[in-house]
Amino acid sequence: MADTFEEVEKLYYKLHYTNFTEKQNERNAKIRHTERNRSAEDLLASKKTCPEESIYQLGTLESHASPKELFQIATEFMDEFHERFGKHVHILDWALHLDEGTPHIHERHVFDCENKYGEIAPQQEKALEALGFELPKPDKPLGRYNNRKITFDAACRTMLFEIAKRHGLELDEVPEYGGRAYLEKRDYIMAKQKEQLAQQEKAVQKQTAQLENLKQENEKAQHQQVRRTTYQSLTLLSNDKKIQKQEKQLSELSQKIEDTENLLDEISAVAYDKAVAVVSENAVNDALKASTEQVDIYLDWLKDPGRTASKETLDYTTYQITTLRKNIIAAVNRITARLTTVLIKPEIKKPAIEQIKENTRPSVLQKLHQRQEEINQREQTCTKPKKRSHGMEL
C-alpha cells in the first residue's frame with residue numbers, strides 16, 4: 001500500500017504501463033535498438049509521459065473563496081471530470097493547500113489510451129483525440145499553440161465555472177488560452193519561477209559554502225586531534241622508554257648492591273674462619289711453648305753427664321717426664337679443639353661476622369669506587385683523540 005503521492009504515482013504507472021514497456025522493449029530488441037528500452041519508472045520521470053499538474057484557485061489574495069467552498073466545488077468538479085474524461089484521463093492524487101495566502105488545490109492526472117498494438121500507454125494528444133477533442137484551429141497543423149490540450153483546458157475551465165455558479169460564485173470568464181494575454185501570463189509565471197530558482201540556487205550555494213567551511217574546520221580539528229594524539233603517544237612512548245631505562249639501571253644497581261653484600265658476607269665469613277684458625281694455632285703454639293719449656297729444662301738436666309743417680313733411676317725419671325710432656329701436649333690440643341668448636345657455633349660466629357662486615361664495608365666500598373674511577377679514567381684516556389701535528393720538517 002502506498003503512503004505518499006510519489007508512491008501512489010509510481011504504483012499506478014507500474015500497474016498500468018508495465019505491459020506496454022515490456023512489449024515495446026521486446027519490439028526494440030527485434031529491431032536491435034535496445035537503447036530505446038524504458039521502464040514504467042522511466043515513463044513517470046519523462047516530461048512527455050509524466051503526470052500533468054493543475055492548480056485550482058478561486059479568487060485572488062484580496063478576495064477568494066473559503067477553503068470549504070473550494071473543497072466542495074473541487075470535489076464536484078473532479079467527480080464530473082472523472083465521469084466525462086475518466087476513460088482516458090486519470091486523476092492520481094490531489095491536495096488542498098492552506099499554507100499560502102490564497103487557498104488552492106494541487107491535482108495531478110495522466111492521459112493514456114490504446115496504441116496500435118492494443119496496449120495502454122501514456123500519450124496526451126492521442127487520449128484527447130479519443131475523447132473527441134478537436135484542434136482550436138482545425139484548418140491549421142498541430143503545434144505548440146494549436147493542440148487538443150488547449151481545447152481540453154477550455155472545457156475544464158467552463159465546467160469549473162458552471163459548478164462555481166451553482167455555489168453562488170461569480171468568476172471572470174474571459175478566456176485567455178491561446179492569446180497574447182495567456183502568453184504574457186505564462187512568461188510572467190516563468191520569470192517568477194526563474195527568480196525563485198535563482199534564489200533557491202543562491203541559498204543552496206550559501207549552504208554548500210557553509211558546509212564546505214564546516215567540513216574544512218572539522219578536518220582541521222581532526223588533524224589537530226591526530227597531531228595531539230600522536231604527540232601524546234610519542235611522549236608516553238619516550239617516558240616509557242625512560243622508565244624502562246631507569247628500571248634497568250635500578251635493577252643493575254640493586255644487583256650490584258646485592259653482589260657487594262654477598263661479597264661482604266663471603267669476605268667476612270672467610271675472615272672469621274681465618275681468624276679462628278689463626279687464633280687456635282697461636283693459642284696452641286703459645287700454650288705448648290709455655291707448657292713444655294720447663295719440662296724440656298728438666299729433661300736436659302737429667303741428660304747432663306754429671307748426674308750421679310743410677311741409670312735405672314735416670315731412665316725411669318726421663319720416661320716419666322717425657323710421658324708428662326706428651327700428656328701436656330695432648331691436653332693443650334684438646335683445649336684448642338674445644339675452643340675452635342665454641343668459636344664456630346652460630347650464636348657466636350654470626351654476630352662476629354656481622355661485626356667484621358660492618359667494619360669491612362667502608363673499606364670495600366671505597367675500594368670499589370676507586371676501582372670504578374680508575375676504569376673510567378682509563379676509558380676516557382682510550383677515547384680521547386690524539387692531537388695531530390701540523391708542523392713541517394725541514
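Helices (H or I, at least four residues) and strands (E, at least two) are DSSP runs, numbered from the N terminus. The model described here is predicted: local features need pLDDT of at least 70, side-chain atom pairs count only at pLDDT 80 or more, and totals for chains, interfaces and linings use all residues. Residues are numbered from 1 along each chain as its sequence is written, and side-chain values use heavy atoms, with hydrogens and water left out.

**Overall structure**
- The protein contains eight helices and four strands, arranged along the sequence as α-α-β-α-β-β-β-α-α-α-α-α.
- Of its 394 residues, 23% are buried (under 20% relative accessible area, with a 1.4 Å probe and protein chains only).
- Carbon and sulfur atoms account for 54% of an accessible surface of about 29,700 Å² (Shrake-Rupley method, 1.4 Å probe).
- Among contacts (heavy atoms within 4.5 Å) between residues at least 6 apart in sequence, 58% join residues at least 24 apart.

**Helix H5: length and ends**
- Helix H5 covers residues 148-166, which is 19 residues.
- From first C-alpha to last, H5 reaches 28 Å, close to the 27 Å expected at 1.5 Å a residue; the expected span is 1.5 Å times one less than the number of residues.
- Asparagine 147 caps the N-terminal end of H5, with a side-chain oxygen 3.1 Å from the backbone nitrogen of lysine 149.
- After H5 comes glycine 168, with a positive phi near 85 degrees.

Technical notes:
Buried < 20%, exposed > 50% of the residue type's maximum accessible area, 1.4 Å probe, protein only. Polar contact = N/O pair within 3.5 Å; in protein donor to acceptor, adjacent residues only side chain to side chain.
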